[in-house]
Amino acid sequence: MQKEVVAIQETMFDQKVRVELLPNVQGTLPLVIRPIDEQLDLHAWVKEHAEKIEKSLLKYGGILFRGFDVLTIESFENLTKQFAPELVEYGERSTPRTEVQGRVYTSTEYPADQSIPQHNENSYAHQWAMKIWFYCAQPAQQGGETPIADSREVLSLLDPAIVRRFMEKKVMYVRNYGGGLDLPWQDVFRTEDKTVVEQYCKKMGMEYEWLNGDCLRTRSLRPAVAKHPKTGEWVWFNQAHLFHVTNLPEEIRDYIMMAVPEENYPRNTYFGDGQPIDLAILEEIRNVFERTSVYFPWEKRDVLMLDNMLVSHGRAPFVGPRKVVVAMADPSTNYTFEFDSALN
């Protein structure tokens with residue numbers, strides 16, 4: 001406990017806010033910043049302390065602004081622009097989302113009774129956002145948390161033999177768009193023009209193949225572990241477990257595996273050489289995420305800011321109306337590969 005208290009003292013900004021950890025949450029994720037006076041203007045305070053906030057984000061991976069007067073989605077969007085003048089579009093989409101305004105989106109529109117596993121946003125893609133924000137406009141009556149996990153800790157807890165195998169072979173993501181099983185390619189790539197899709201795939205190092213019925217299949221070879229460009233820390237950074245067919249709800253998975261040839265699964269993952277990923281390895285990854293996930297209930301007007309490489313996120317099932325929106329910024333393609341130093 002003493003170590004945690006010291007860590008929090010190091011992050012004090014001024015006497016206008018209180019910096020603390022959430023009760024009943026182990027570790028130091030997320031860092032929580034609350035106003036001493038509820039009338040404190042968060043936008044003005046953030047502008048004054050932006051550099052210190054950035055440093056704290058790199059240290060803790062996630063910051064929860066709680067108790068501030070962030071009343072609207074527009075106010076939330078303006079807040080994110082204090083750190084990044086331009087938000088990024090949700091590109092190469094893997095889940096259904098709706099654009100709320102500008103480049104603020106609904107969180108993944110999956111059924112309320114389903115969980116969304118831990119993942120770093122767009123870690124399956126050639127380009128991803130370094131920062132991601134969540135704003136709670138309406139907490140659910142029950143559940144609906146956005147659990148988070150430290151990607152550095154996940155890497156450290158995984159079996160080194162598994163990590164080495166993924167680093168050497170990487171991850172192959174195979175997607176089939178359309179056909180009623182997954183998002184159509186028009187939604188994923190935000191175009192009706194096949195030529196635009198082909199140009200995008202070539203630019204991003206993706207193999208593509210047009211199939212009958214206006215369907216598309218792509219294959220992407222991506223790293224499983226990455227080095228943070230600012231902190232130099234190694235992180236577990238992929239969606240091998242989430243894209244794998246075994247991640248689907250049991251009834252849907254069983255139907256697809258029975259009725260659809262494997263090459264036509266809506267999405268699946270393999271080792272980079274095309275070999276299947278052992279189920280025991282996938283379970284190991286999921287178990288480590290479960291052990292490291294931090295849950296906390298949303299409060300209305302909460303703003304959660306994450307470093308998308310240092311911290312993953314998911315979603316718990318929920319009951320009742322829930323509205324959490326998302327914004328992303330600071331696109332990066334900074335992959336670094338140094339096998340030995342990552343495993344030492």
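The following legends describe close-up views of a predicted model.

View 1. The largest nonpolar core of the model comprises 54 residues. Within this core, the residues with the most contacts are Phe134, Ile148, Phe166, Val225, Trp236 and Leu304. Strand S7, which spans residues 128-138, supplies the largest share, namely six residues. Both domain 1 (17-110 + 130-139 + 297-331) and domain 2 (154-287) contribute residues, and the core therefore lies between them. Another core, of 31 residues, lies apart from this one and includes Val104, Ala137, Val303 and Ala327. In soluble globular proteins, nonpolar side chains tend to be buried together.

**View 2. The surroundings of Phe166.** When residues up to four places away in sequence are not counted, Phe166 touches Val171, Ala224, Trp236 and Ala240, as well as Phe271, Ile277, Ile281 and Ile285. Both Phe166 and Trp236 are listed among the residues with the most contacts inside the largest nonpolar core.

**View 3. The two sides of helix H5.** Helix H5 covers residues 160-169, and its buried residues are Ile162, Val163, Phe166 and Met167. Seen down the axis of H5, these buried residues fall within an arc of 130°, so they line one face of the helix. An α-helix has 3.6 residues a turn, so residues three or four places apart point the same way. The exposed residues Pro160 and Ala161 are carried on the face of H5 turned away from its buried side.

**View 4. The aromatic pair of Phe13 and Trp45.** The model contains 14 aromatic pairs. In the pair formed by Phe13 and Trp45, the ring centres are 5.2 Å apart and the planes stand at 70°; because this angle is over 60 degrees, the pair is edge-to-face. Phe13 belongs to the loop between helix H1 (2-9) and strand S1 (17-20), whereas Trp45 belongs to helix H2 (residues 42-60), so that the pair links distant parts of the chain, 32 residues apart. Phe13 has a relative accessible area of 13% and is buried. Trp45 is likewise buried, with a relative accessible area of 1%.

View 5. The rings of Tyr124 and Phe243 have centres 4.8 Å apart and planes at 45°, so the pair is tilted. Tyr124 is located in the loop between strand S6 (116-119) and S7, and Phe243 in helix H8 (residues 240-243); the pair therefore ties together parts that are 119 residues apart in sequence. Tyr124 and Phe243 are both buried. Ring pairs join Tyr124, Tyr173 and Phe243 into a cluster.

**View 6. Arg322 over the ring of Phe318.** Arg322 lies over the face of Phe318, and the distance to the ring centre is 5.5 Å.

View 7. Most residues other than glycine have a negative phi. Lys170, however, has a positive phi, near 70°. Lys170 is found in the loop between H5 and strand S10 (171-177), and at 27% relative accessibility it counts as partly exposed. Asp330 also has a positive phi, near 60°. Asp330 lies in strand S19, residues 323-332, and is partly exposed, with a relative accessible area of 25%.

Key: Residues numbered from 1 in each chain as written. Predicted model: local features only at pLDDT ≥ 70, side-chain atom pairs only at ≥ 80, totals over all residues. Heavy atoms only, no water. Core = buried A, V, L, I, M, F, W, Y, C linked by side-chain atoms within 4.5 Å. Buried < 20%, exposed > 50% of the residue type's maximum accessible area, 1.4 Å probe, protein only. Helix = DSSP H or I, 4+ residues; strand = E, 2+ residues; numbered from the N terminus. Domains from an automatic or database assignment. Contact = heavy atoms within 4.5 Å. Phe/Tyr/Trp six-rings, centres within 6.5 Å; stacked < 30°, edge-to-face > 60°. Lys NZ or Arg CZ within 6 Å of the ring centre and 35° of its normal. Arc of directions from axis to C-beta.
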